[in-house]
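This report sets out the architecture, helix packing and charged side-chain pairs of the protein shown below.

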Amino acid sequence: MLWRVYLSGEIHSAWREVIRSRCAKLPVSLSAPNLSHEDSDDCGAVILGDEATRQNYDNKGARLNLIRTRTLIDNADIVVVRFGEKYRQWNAAFEAGYATAKGKALVTVHPSELGHALKEVDATALAVCERPDQVAEVLEYVINGTLPPFPAGFVPMASRAAGGPGNPNP
């Protein structure tokens with residue numbers, strides 16, 4: 001099975017490349033919105049004609065971008081939404097909501113400092129990650145059932161349940 005993963009959200013860092021390189025051997029097809037901010041803004045006016053007001057200019061571009069966004073999310077098995085620290089990503093929040101409404105498996109990724117602001121979005125996610133490499137590990141586990149190496153000091157449940165160190169009430 002080829003897993004279709006849509007990578008939504010923040011476009012000002014290389015987080016998608018981390019996932020792409022880590023998932024190179026997995027049966028995944030990665031897609032994303034138009035990552036050129038300028039092209040995304042200008043597409044409507046360039047293709048359909050210029051506009052006198054910013055609102056109409058933006059509206060044309062938004063509608064064309066929405067064709068891409070809806071189609072890619074509708075066809076995705078998993079939607080990953082990254083919220084960055086620097087910019088407000090209302091489009092990312094919209095895409096997370098749209099994916100949830102469509103019943104897609106949602107994975108969010110953002111710094112822990114944004115947890116409170118994104119609590120409602122995270123409540124709909126099946127996984128909440130802080131780093132792109134964690135997203136890759138989620139995909140590796142979901143697709144192949146393989147775990148990454150245990151973090152230092154981690155006590156597996158089998159050891160905890162057998163009365164070993166860790167959770168005293170398994």
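Predicted model: local features only at pLDDT ≥ 70, side-chain atom pairs only at ≥ 80, totals over all residues.

The buried residues themselves are Pro132, Val135, Ala136, Leu139, Glu140 and Ile143. They lie on the same side of α6, because the arc they cover around the axis is only 140 degrees. Helix α6 runs over residues 132-144, 13 residues in total, and spans 18 Å from first to last C-alpha, close to the 18 Å expected at 1.5 Å a residue. Just after α6, Gly145 adopts a positive phi of about 75 degrees.

A nonpolar surface patch is formed by Tyr141, Val142, Leu147, Phe150 and Phe154, which together have about 530 Å² of accessible area. Of these residues, Phe154 is located in the loop between α6 and α7 (157-161) and counts as partly exposed, at 42% relative accessibility.

## Overall architecture

The protein contains seven helices and five strands, arranged along the sequence as β-α-β-α-α-β-α-β-α-β-α-α. Its C-alpha atoms fill a box of roughly 70 × 35 × 30 Å along the principal axes. Of the 170 residues, 34% are buried. Among contacts with a separation of 6 or more, 59% join residues 24 or more positions apart. The accessible surface comes to about 10,300 Å², and carbon and sulfur atoms contribute 55% of that area.

## Salt bridges

| Pair | Distance (N to O) |
|---|---|
| Arg54 and Asp58 | 2.9 Å |
| Asp74 and Lys102 | 3.9 Å |
| Asp133 and Arg131 | 2.9 Å |

Asp74 belongs to helix α3, whereas Lys102 sits in the loop between α4 (90-101) and β4, so this pair ties together parts that are 28 residues apart in sequence. Both partners are partly exposed: Asp74 has a relative accessible area of 32%, and Lys102 reaches 43%.

Arg54 and Asp58, in contrast, both lie in helix α3 (residues 54-75), four residues apart, or about one turn of the helix. Arg54 is exposed at 60% relative accessibility, while Asp58 is partly exposed at 31%.

In the remaining tabulated pair, Asp133 is partly exposed at 22% relative accessibility, and Arg131 is partly exposed at 40%. Arg22, Glu137 and Glu140 are joined in a network of salt bridges; Glu140 is also one of the buried residues of α6.

Definitions and conventions:
Residues numbered from 1 in each chain as written. Heavy atoms only, no water. Helix = DSSP H or I, 4+ residues; strand = E, 2+ residues; numbered from the N terminus. Expected span 1.5 Å × (residues − 1). Buried < 20%, exposed > 50% of the residue type's maximum accessible area, 1.4 Å probe, protein only. Arc of directions from axis to C-beta. Patch = residues over 30% accessible without salt bridge, like charges linked within 9 Å, V, L, I, M, F, W, Y side chains within 5 Å. Areas by Shrake-Rupley, 256 points an atom, 1.4 Å probe, with all protein chains shown as cover. Salt bridge = Lys/Arg side-chain N within 4 Å of Asp/Glu carboxyl O. Contact = heavy atoms within 4.5 Å.
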